[in-house]
Number of protein chains: 2
Amino acid sequence: MSTTAQNQGETVTPATPAADTAGVIALLERGRTLATPVLRAAVDRLASPMDTVAAYHFGWIDAQGRPAAGDGGKAVRPALALLSAEVAGQAPEVGVPGAVAVELVHNFSLLHDDLMDGDEQRRHRDTVWKVHGPAQAILVGDALFALAGEILLELGTVEAGRATRRLTSATRKLIDGQAQDISYEHRERVTVAECLEMEGNKTGALLACAASIGAVLGGADDRTADTLERYGYHLGLAFQAVDDLLGIWGDPDATGKQTWSDLRQRKKSLPVVAALDAGGEASERLARLLAADAKKTEAEFADFDEEEFAARAALIEQAGGRDWTSQEARRQHATAVAALDQVEMEDRVRAQLVALADFVVVRER
Amino acid sequence: MSTTAQNQGETVTPATPAADTAGVIALLERGRTLATPVLRAAVDRLASPMDTVAAYHFGWIDAQGRPAAGDGGKAVRPALALLSAEVAGQAPEVGVPGAVAVELVHNFSLLHDDLMDGDEQRRHRDTVWKVHGPAQAILVGDALFALAGEILLELGTVEAGRATRRLTSATRKLIDGQAQDISYEHRERVTVAECLEMEGNKTGALLACAASIGAVLGGADDRTADTLERYGYHLGLAFQAVDDLLGIWGDPDATGKQTWSDLRQRKKSLPVVAALDAGGEASERLARLLAADAKKTEAEFADFDEEEFAARAALIEQAGGRDWTSQEARRQHATAVAALDQVEMEDRVRAQLVALADFVVVRER
């Protein structure tokens, strides 16, 4: 498997080949260091037992309430929000309430989506609804969403009002995307365009908000914010395309997911949809196999062995789904980076936004 | 039963005995007439199938999607929001976005609470999760919450930012109240103070917001808004006390609920909690009965006949729980009305706010 993951790293290497990994790691670390204490203080405002449930979700404590050094995720969003403040010529700290609000909304959606989708694992741990029950997953999700608005609006500035409006609109798109995702599950065929629209809503909208919210809080005008949103939106689509590749061909040791994870979940992700759309012999054989799979029960499907998933992955690759998705990641990456030319900013800040975009498409987890 | 309901109407008659029913009905009707078209337009923004699910929830269509003339509830909140704009010397229309935002938050909480509580009926109809499934109840609830912020923030004014901040803070209290409600279900004893705190969060906070949001949108200062919130908060507690009375002794034809509804659900509502707190023989007999009830399964409990619930209701009454709750409704009503003296407003507007408060405590449904 790890060879496969290596291959993929090559497949999606962007135009800028030598991504500045050390620089990006420092940026992600800065986002975590500045945002996490404020995020924890916000979560501490929640009434018991919601504070504990949220702390479990964020990985700060384990299911027994003992402190844990959880995997808080890649933290691309906070890093973006801080850089975004710097685009507006402000200190990165100006973006912190935005970073925290975006993280709160992101985690609200994870809590609710895991429950709606029946997902039992997230970041190598049982999901909140598995540990604390569905009611707490709903309630704490609601509380994090409300907290996001509270954190921004208590700044009491006109800029905070504008930032909250953008965050609210991104959240509506997030919800639209989840509605589409659910409805697609019940459909036999989904087009590439529909899949991209759904991924733009589910992933693009909130990254767009992260990439602009710091600038908005720093007093940037609407044109600047809209352009930064465009960068973030296409970065989100590139991110998701890579996620979809990792969901099939990723190295389980790196991703923390099972082999062929998305195939096991019968997800209509980009490589699958692109392969089905491509036509030709492999595409048609894949379509027949997946149509038969769709009729199987969860239990029958769970009995599949590695070879059966490997066969489906091979057909997706033969039909061109893997290549198309890699190219799509590069196209979205290029569109994102091009948007940055439309905004005045320090060269250092621009270079860091580009490095972050490079990182997103070469990552292996 | 209808005699019982009559009795209760008398028990909670407020200091102002002749409530201006016709005037209040006109106020409620004005709120519905002005707010509903805007509410419907807001819900129409939701992507399919969320728009349909929301329309079902609001009673605008039936489960088959056919138009329905649903029971949209009493519409006290929209009426309050419009009067609130008039307190600030503005036209009632200025309060409309506030009325709509508050209704959206209220219905977000109903969708999620019904699912968390497993309630299968609301306003004489199957709840959304029963008809459209739990995922849609979560998703559409989330969407209504997001829509509430959107409706206010797209006004783009400083006042709208302040209104959204108050609405967000009310929503956090709503969520705290639901968390308390859930945790109390698992406890043997709840104090009157805890019950009042929970009801203040679940009912008082959003009525407080409804009573102030129109004024905030109309440019009122924080002191005026805080005072109107105090009126609305205590009005909410009075409202809930009456609801708790109707939940036990209400006329099913008027309330649309089963006889002894709250007793069937083993709710620790105010009359129950007050009776248990009172001490004395009836209180102790009630405590023993309820402790035994708590050990019964849903099925065993569902086998109870009318007489068994009537016996529990009689003990609550003998222990003073019914009288105490009636008096509490009057106390909260008096505190609400007294708050109005702290704010300058037209005599007509003040009289209407008082009439609305009177209506809340004499209503039979």
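Predicted model: local features only at pLDDT ≥ 70, side-chain atom pairs only at ≥ 80, totals over all residues.
Good morning. A helix here is a DSSP run of H or I at least four residues long, and helices are numbered from the N terminus. On that basis, A:Q180 belongs to helix α8 of chain A, which covers residues 158–185.

Setting aside residues up to four places away in sequence, A:Q180 touches A:E197, A:M198 and A:N201.

I turn now to chain A as a whole. Chain A contains 18 helices and two strands. Its radius of gyration is 20 Å, close to the 21 Å that the globule rule gives for 365 residues, so chain A is as compact as a globular protein of that length. Along the principal axes, its C-alpha atoms fill a box of roughly 60 × 45 × 35 Å. Of the 365 residues in chain A, 56% are buried. If we take contacts in chain A between residues at least 6 apart in sequence, 76% of them join residues at least 24 apart.

As for the surface, the accessible area of chain A is about 14,400 Å², and carbon and sulfur atoms account for 49% of that. The chain carries 38 positive and 56 negative side chains. How far apart do the centres of the two sets lie? The separation is 1 Å.

Next, the relation between the two chains. In general, two copies of a chain are related by a rotation about an axis and a shift along it. Here, chain A is superposed on chain B by a rotation of 180 degrees with 0.0 Å of shift along the axis, and the RMSD is 0.0 Å. The two copies are therefore related as by a two-fold rotation axis. Which C-alpha of chain A is nearest the axis? It is that of A:G161, at 2.7 Å. As to the interface, 100% of the interface residues of chain A are also interface residues in chain B, so the copies meet through the same surface.

I now come to the backbone. As a reminder, most residues other than glycine have a negative phi, and most peptide bonds are trans. In chain A, the peptide bond joining A:S48 and A:P49 is cis, with omega about 0 degrees. A:P49 sits in the loop between α2 (21–44) and α3 (50–58) of chain A. In chain B, a cis peptide bond joins B:S48 and B:P49, again with omega about 0 degrees. B:P49 is placed in the loop between α2 (21–44) and α3 (50–57) of chain B.

A:R266, which is not a glycine, has a positive phi of about 50 degrees. This arginine lies in the loop between α12 (261–264) and α13 (270–278) of chain A. Is A:R266 buried or partly exposed? With a relative accessibility of 28%, A:R266 counts as partly exposed. In chain B, B:W260 is not a glycine either, and its phi is positive, near 50 degrees. B:W260 is located in the loop between α11 (252–255) and α12 (261–264) of chain B. B:W260 has a relative accessible area of 10% and is buried.

At 4% relative accessibility, B:E199 is buried. Beyond its neighbours within four places in sequence, B:E199 is in contact with B:G204, B:L237, B:Q240, B:D244 and B:L270. B:L174 is 25 residues away from B:E199 along the chain, and their C-alpha atoms are separated by 9.2 Å.

The next example is B:D323, in helix α17, residues 321–339. B:D323 has a relative accessibility of 45% and counts as partly exposed. Its C-alpha is 9.6 Å from that of B:A275, a residue 48 places away along the chain.

At 53% relative accessibility, B:H124 counts as exposed. B:H124 and B:D293 are 169 residues apart along the chain, with 27 Å between their C-alpha atoms.

Thank you for your attention.

Methods: Residues numbered from 1 in each chain as written. Chains lettered and ligands numbered in written order. Heavy atoms only, no water. Least-squares fit on C-alpha atoms with pLDDT ≥ 70 in both. Contact = heavy atoms within 4.5 Å. Rg over C-alpha atoms; globule rule 2.2 N^0.38 Å. Buried < 20%, exposed > 50% of the residue type's maximum accessible area, 1.4 Å probe, protein only. Areas by Shrake-Rupley, 256 points an atom, 1.4 Å probe, with all protein chains shown as cover. Lys, Arg positive; Asp, Glu negative; His and termini not counted. Charge placed at Lys NZ, Arg CZ, Asp CG, Glu CD.
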